[in-house]
Amino acid sequence: MTENLLEVHGLRTEFHSGGRRFAAVDGIDFAVRPGEILGIVGESGSGKSATLRSILGLIKPPGRVEGQILWRGQDIQGLAPAALRRIRGAEIAMIFQDPTSALNPVLTIGQQIRESLAAHTDLSATERQRRAIELLDLVGIPAAARRLDDYPYQFSGGIRQRAMIAIALAAKPALLLADEPTTALDVTIQDQIIKLILRLAAELRMSVILVTHDLGVVAESCDRVAVMYAGRIMETAPVASLFQTPRHAYTLGLLQSIPQGRAPRTPLPSIPGVPPRPGDVTKGCGFAPRCSFAEPECRSGRPEARRMAPHHLTWCRRADALPEPA
Amino acid sequence: MTVAIDSAPPRRSHATLIIGTVILAVMLLVALVPGLVAPYDPLRFDYHGTLAPPSLAHLFGTDMYGRDMLSRTLWATRVDLQIAIFSTLAPVIIGSLIGMLIGYYGGIADVVFNRLVDVVVTFPFLVLVIGIVAVLGPGLINLYIAIGLVDWVFFARLARAEILVQCRLDYAHAARGLGYGPARILFRHLLPNAIGPIITYWMTDMALAILLGSSLGYLGLGAQPPLAEWGTLIADGKNFMATAWWITVFPGLAIVIAGFGFSLAGDGVADLLRARE
Amino acid sequence: MGYGRFVLRRLLQSVPTFALITVLVFLLVRLLPGDPASAMLGDRATDATVARINAALGTDQPIALQFLRFLGRLLQGDFGQSQVLHMPVTELIGERMPVTLLLSAYAMVMAIVIAVPLAFLMALHRGRMLDTVLRGMFQLGLSMPTFYLGLLFLTVLGAHLRLFPVGGLGRGPVDMLYHLFLPALTLGFSLAAVIARSLRAAILEVLEADYVDFARAKGLPERLVLGRHVLRNALISTVTLFGINLGQLIGGAVITETIFSLPGVGRLLIDAVFGRDYPVIEGLTMVFAVLVSFIFIATDLFQAWLDPRVHQ
């Protein structure tokens, strides 16, 4: 087995709200291998974005991050600011959900690419300029040289997302964290952006963590997937295995409630009941209150991971009682 | 999905409003009956006790004529509170009315008004007021007139903007649809909703009026001697600052406290209105 | 690109403003009750002397004719003769203006130097001790009238501790900056308070923006994140307020120059008011308004430069 690029152990991210602390991410473990595309899927508020932000140290006080985040075996958490900066952008890059708010409105796209290059490379000013054009070309922005001096508001939503990807890739990172990169876009553009990310991952031999609430995207693009609910991972498995033999009641519920014959690109379907609100403390399995398979034991004590197949882990006590999906 | 990364929401306490109101209430009381709280006649000379430092007999000391500074500072409260109220009362009423009408009817009046605003803001407030006082002559009444001539524009601008916002909301359309007259719509429906920001601004404006009035008093263009006003008191004491600091320090503190009172009360009112929404 | 055209359009927009300023200044002296001649002469006024002064000022003519003459002279840069100092108002103002401009620019720089770092300090320490103390200090600065602040500086830092001279302009550029330090601090302090408070709020807002997280995620040094991404965006919402208050600051020069005995136009205005020197008052009011108009134009241009969305 190849060495893991990123390993996360016992990650717990806490925020303050209304005078109370609550865990947006509540003790999760996962790993990313070189070249792998890992999907993290879950509803809004399940802790997907907070997980990505925690990895890059973007959680601001009074928010708090605990646990180990190992990048090539080295814990990122304890790093000095300068050392952390050498990883941010250069080794691990991140793109955000909404390119409109994530691009600085008062700097040109060229400036925003060149400052990344300046931070991570020894390129001269003219080389940076040339490389910036290459990057815009790479992400498929037409007439790249002419668009370099444009401001974000002069681009369409899809091009803006491409520009953000170009900026993120400036220093050739080994891992791209993509936080719902298509949610803010038109349906017709969404597919193009996913394909672009997949193409770049393959060309640049880059790993990707793709956070999404869209099972269709996961099915079509990821190698492995982790299902998150209420700050915890419910199940992780290779994509085919997860879709064919879901081994968690929550995953099963998700898959079953996709209407047959519906096109991909549909947001997560609804399961009876409401997800817990931030700060709601659940003893036992987080999904138990909404779960139709739940037994009394599910409501007490945190479930342990169970290995259902070599790469298929579930945190569901009732895994054996689940039917095969129809 | 972005997680809100924020600390606890601002505490909804009324501390600012309470402290501000208490300061203003005490000032108002002193202004209404200065004779009852002041230990001495503020105008009585005492050539045996000139420039006396603070003591039990004279808590704030005495000035170069032996006048009791505590009594003078307390009596001056009446004058400065008058400045705050009298110079802003007409602007707040007339200015808001004009602004409401302009906001409601729009048209050519709106165009003219916006031009006027553009021009009035290009004059530094202090320079314009000094200019008007220069023509009218120094004194408190002329100070009120001078401030009023300029100040109404700011209230009108605020009221106009508020009415424009309110007019766009559904209830204004509903009221118009019911066939209510403009007066009823303006005063029964729009005014109650627009009045919050106007009151908040009025609080700030009264603090500004005191700053302006005491500045003109200091320059000799506001309250005239022997009337005690915080600015003129400081002007009286400025040549003794190194030797008799108490003459200027206490009136100065009074101005600062008054400013705090108005701005705390203003912030408090604003918080209250925001909480109500 | 569009910036040149934006500059031109903004300049053209201010033409009617200048025209209205002219009208307002003209009306100031002529429409308010009381005629200059009687006011100037006071108790010594006789019908003959009043008529003579009115004739000298031209205030005995019909108002429309007066305005045309006023306008005509204005276009030649002529504000008339000072009735007290017996010299052209234009010359007087020209002589005194450099001091006021230097003082104001100095105060502005001082305000920025104080406000910008402290605004960052407050925002980054939000809710903690340092933030509370600094906010209290600025609140105090806003509640304190300029003349009182000036007197305090003059007495404590000048006369008592002898850290700074208590008046005069000094000789040579360095000495002049030394002499003008306290006046500029006095004049700039309330502007610093206004800017610091509003910039603090703007920074706090911008710090929550996704593009700041993105800038950090790119691995930019914190210095660049704050200086390029945060400051520039936070300034956009503060610049307008800065312009308005800078205009007011110029007015504050009247008081600062009086307290520190500086020979600027502010002091000239006060002297003219006491000397009932109407042509000087008229000319100065006009000059102040024009100066502030140019400040507004400059801030609009600066804002458009900061925020490309404005001038497109």
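Guide: Let's start with burial: a residue is buried if 20 or more other C-beta atoms lie within 10 Å of its own, exposed if 12 or fewer, and partly exposed in between, with the C-beta atoms placed from the backbone.

Some housekeeping before going on. This is a predicted model, where local features need pLDDT of at least 70 and side-chain atom pairs count only at pLDDT 80 or more, while totals for chains, interfaces and linings use all residues. Residues are numbered from 1 along each chain as its sequence is written, and chains are lettered from A and ligands numbered from 1 in the order in which they are written.

Now the overall build. Helices here are DSSP runs of H or I with at least four residues, strands are runs of E with at least two, and both are numbered from the N terminus. Chain C has 13 helices and 0 strands, so its pattern along the sequence reads α-α-α-α-α-α-α-α-α-α-α-α-α. The C-alpha trace of chain C spans about 80 × 55 × 35 Å along its principal axes. For contacts, the rule is that two residues touch if their C-beta atoms, placed from the backbone, lie within 7 Å. Of the contacts in chain C with a separation of 6 or more, 71% are between residues 24 or more positions apart.

Next, the side facing chain A. Here 21 residues of chain C are in contact with 25 residues of chain A. Helix 10 (210-217) and helix 11 (222-259) of chain C are the elements giving two or more residues to that side, and helix 10 of chain C supplies the largest share, 7 residues. Sorted by type, the chain C side divides into 10 nonpolar, 3 polar and 8 charged residues. The sorting counts Ala, Val, Leu, Ile, Met, Phe, Trp, Tyr, Cys and Pro as nonpolar, Asp, Glu, Lys and Arg as charged, and the others, Gly among them, as polar.

Helices 10 and 11 of chain C also pack on each other. Their axes come within 10 Å and cross at roughly 150 degrees; axes are lines fitted to C-alpha atoms, for helices over the stretch in contact, and angles run from 0 to 180 degrees between N-to-C directions. Helix 10 and helix 11 of chain C are therefore roughly antiparallel, given that angles over 145 degrees count that way, under 35 as roughly parallel, 65 to 115 as roughly perpendicular and the rest as oblique. The residues that meet are C:Y211, C:V212, C:A215 and C:R216 from helix 10 of chain C, and C:V225, C:H229 and C:V230 from helix 11 of chain C. That contact divides into 5 nonpolar, 1 polar and 1 charged residue.

Over to chain B. This contact takes 41 residues from chain C and 35 residues from chain B. The chain C elements giving two or more residues are helix 1 (3-31), helix 6, helix 7 (146-160), helix 11, helix 12 (265-274) and helix 13 (278-306). Helix 11 of chain C gives the largest share here, 9 residues. The chain C side that touches chain B has 27 nonpolar, 14 polar and no charged residues.

Helix 6 (residues 129-143) of chain C has 15 residues and reaches 21 Å from its first C-alpha to its last, close to the 21 Å expected, where the expected span is 1.5 Å times one less than the number of residues. Its buried residues are C:F138, C:G141, C:L142 and C:S143. In helix 12 of chain C you'll find C:D271, which counts as partly exposed because it has 15 C-beta neighbours inside 10 Å. The C-alpha atoms of C:D271 and C:I281 are separated by 9.4 Å, with the two residues 10 apart along the chain.

Finally, some backbone geometry in the partner chains. Most residues other than glycine have a negative phi, and most peptide bonds are trans. A cis peptide bond joins A:P61 and A:P62, with omega about 5 degrees, and another joins B:P225 and B:P226, with omega about 10 degrees. A:A143 has a positive phi near 50 degrees and is exposed, with 9 other C-beta atoms within 10 Å.
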